[in-house]
Amino acid sequence: MPFRPLIPVALSGIVAMVTGALATDPPTQASRILVAVVAHADDEGPIAPALARFAREGAQVYMLVVSDGSAGSGQQGHIPRPDGTPTGDALATIREEEARCAAQVLGIQPPILLGFPDGRLGDYAGDRSLIYRVTQRIAEELQRLHPDVVITWGPDGGTGHPDHRIVSSIVTQLQRTGAPGVPERLFYMSLPVESMEAMNPQRGAPPLLVPKAAHFTTRVSFAAEDLAAAKRSMACHRTQFTPEVVERVTSAAARVWNNAIPLVPAFPAAAGTGVFK
């Protein structure tokens, strides 16, 4: 009887030792975890072939979507959206299904949807606690997933969208502050000028957004099947892109990528020939 209370303690010590040993071992391909942190359900486009490739090779790939997408309707902005798109909560529900469709097509895990207000992540005047709640939720999910690699928007936000920029800043902030579960290997994605021009030929690319080529020191190769999956995933977002836009944008991106997605390492520690060590 006196020894029984020691048994759970001994077992927990053994578990801790085993867990510690596993944690120090180099991850196998099957155990590698990549998380793409994006603002909107259709933001995976600039890295979709890479996500499909890593999932196909056995990595656990997640897409963490911060906003509910409820403001992505109509002809506002630089993307000519399909006519008759629902608005508000109805659109948010549809975009959730579109995100699930895209994830399934890419072969990645079901999307993690945080549901914060679309287009208003930086509304500090209207809700002073919002930015802190967004930061906390992203931090919680990254701590839970404990990824080896995180990919997010760069400071430019791709198209310059404020929500994209805020998500980029939060993820970078978490890495710089040493938040639990946030890896050193953080990469920024970007949208090629050619893709922006294909999205809306009348407007073209907003100025001062695309980083210099010298910053893109990491390239992720992909196969033809990964590019095909990326095209199908973009087509899942029916409320956001017409079939004509899908065709134009994916064709333009394919020519620019030339079978490899360029990424910018956020910090020197992440530099190398690939995203994983």
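In what follows, contact means heavy atoms within 4.5 Å.

The model is a predicted one: local features need pLDDT of at least 70, side-chain atom pairs count only at pLDDT 80 or more, and totals for chains, interfaces and linings use all residues. Residues are numbered from 1 along each chain as its sequence is written, and side-chain values use heavy atoms, with hydrogens and water left out.

I begin with the overall picture. The protein contains eight helices and seven strands; helices (H or I, at least four residues) and strands (E, at least two) are DSSP runs, numbered from the N terminus. Of its 277 residues, 49% are buried. Here buried means under 20% relative accessible area, exposed means over 50%, and partly exposed lies in between, with a 1.4 Å probe and protein chains only. As for contacts between residues at least 6 apart in sequence, 78% join residues at least 24 apart.

I turn now to helix α3, residues 88-106. Its 19 residues reach 27 Å from first C-alpha to last, close to the 27 Å expected at 1.5 Å a residue. That expected span is 1.5 Å times one less than the number of residues. Which residues of α3 are buried? They are L91, A92, R95, E98, A99, A102, A103 and L106. Seen down the helix axis, these buried residues fall within an arc of 135 degrees, so they line one face of α3; the arc is that of the directions from the helix axis to the C-beta atoms. The face of α3 turned away from the buried side carries the exposed residues D89 and Q104.

What do the buried residues of α3 pack against? Their partners are α2 (48-56), β2 (60-67), β3 (112-116) and α7. Just after the helix, G107 adopts a positive phi of about 80 degrees.

R100 belongs to helix α3 and is partly exposed, at 34% relative accessible area. Leaving aside neighbours within four places in sequence, R100 is in contact with P110, P111 and L113. The C-alpha atoms of R100 and M63 are separated by 10.0 Å, while the two residues lie 37 apart along the chain. The second residue, D42, sits in the loop between β1 (33-38) and α2. D42 counts as buried at 13% relative accessibility, and, not counting residues up to four places away in sequence, D42 touches R95, H237, Q240 and F241.

Next, the disulfide. A search of the whole structure finds one, a disulfide being a pair of cysteine sulfur atoms within 2.5 Å. C101 and C236 form it, with their sulfur atoms 2.0 Å apart. This pair links distant parts of the chain, C101 in α3 and C236 in helix α7 (residues 224-236), 135 residues apart. The torsion about the S-S bond is about -60 degrees, so the disulfide is left-handed. C101 is partly exposed, with 24% relative accessible area, whereas C236 is buried, at 3%.

Finally, strand β7, residues 260-265. Is this strand largely enclosed or largely open? Five of its six residues are buried, so β7 is largely enclosed by the rest of the structure. Strands pair if DSSP finds at least two bridges between them. Strand β5 (residues 186-189) runs antiparallel to β7 and is joined to it by two bridges, with Y188 partnered by V264. Strand β6 (residues 218-221) is also antiparallel to β7, with four bridges, and there S221 has A260 as its bridge partner.

Two loop residues complete the account. N259, in the loop between α8 (243-257) and β7, has a positive phi near 75 degrees although it is a residue other than glycine. N259 counts as partly exposed, at 46% relative accessibility. L208, in the loop between α6 (193-199) and β6, has a positive phi of about 60 degrees and is not a glycine. L208 is exposed, with a relative accessible area of 87%.

Thank you for your attention.
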